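Here are my notes on this model, as numbered points. Please read them beside the structure.

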Amino acid sequence: MPHYSASPASFIERLPLWPDRPWRGYAAALAGGGAALLLRMAINPLLPPGYPYLTFLPAIALSAFLFGVGPGIACALLCSLLALYFFVPPYGVMAMSRDTLFAALFFAMVCGLLITLIAWLQKA
């Protein structure tokens, strides 16, 4: 019978989780994106305007860290669409002004860098 250690190193060495069942990672990543949306909606009254992506970056980082590159990218795409739809004016419409496009591209670059760094760290 294999011995499983509860030390943090052994958990980190097993990442990403569920490599033999990737659908679980994708489902968990998309659920994380949904949770980030709910959190963002809950704290929206407390935030000044201009922070549409605030709660989505941690969800993307956790998805990539726990479930791998694919689920991290899926979470990033979902979170980008949710932020644009719910928190970028005009609300409820995916209208792209020059400023909105710049912010979305910058967010995409940050997400890409974050996911890439996490993947490199896991390989190392």
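1. Start with Phe107. This is a predicted model, and in it Phe107 is buried, at a relative accessible area of 4%. The residue sits in helix H5 (residues 98–123).

2. Phe107 has an aromatic partner, Tyr53. The two rings are stacked: 4.1 Å centre to centre, with 15 degrees between the planes. Tyr53 counts as buried too, because its relative accessibility is 11% and the cut-off is under 20%.

3. What does this pair tie together? Tyr53 lies in the loop between H2 and helix H3 (56–67) and Phe107 in H5, so the pair links parts that are 54 residues apart in sequence.

4. A search of the whole structure gives four aromatic pairs. Another one of them is Phe86 with Phe87. That pair is tilted, at 6.3 Å centre to centre and 50 degrees between the planes. Phe86 is partly exposed, with a relative accessible area of 31%. Phe87 is buried, at 10%.

5. Phe86 and Phe87 also belong to one aromatic cluster, together with Phe56 and Tyr85.

6. Now look at Arg40, in helix H2 (residues 22–43). Arg40 lies over the face of Phe87, at 4.3 Å from the ring centre. Beyond its neighbours within four places in sequence, Arg40 is in contact with Leu47, Tyr51, Pro52, Thr55, Phe56 and Phe87.

7. Is Arg40 buried or exposed? Arg40 is buried, yet has no salt bridge. The nearest side chain of opposite charge is Asp99, 16 Å away. A salt bridge would need a distance within 4 Å.

Key: Residues are numbered from 1 along each chain as its sequence is written. This is a predicted model: local features need pLDDT of at least 70, side-chain atom pairs count only at pLDDT 80 or more; totals for chains, interfaces and linings use all residues. Side-chain values use heavy atoms; hydrogens and water are left out. Helices (H or I, at least four residues) and strands (E, at least two) are DSSP runs, numbered from the N terminus. Buried means under 20% relative accessible area, exposed over 50%, partly exposed in between (1.4 Å probe, protein chains only). Lys and Arg count as positive and Asp and Glu as negative; His and the chain ends are not counted. Contact means heavy atoms within 4.5 Å. Rings of Phe, Tyr and Trp (its six-membered ring) pair if their centres lie within 6.5 Å; planes under 30 degrees apart count as stacked, over 60 as edge-to-face and the rest as tilted. A charge sits over a ring if NZ of Lys or CZ of Arg is within 6 Å of the ring centre and within 35 degrees of the ring normal.
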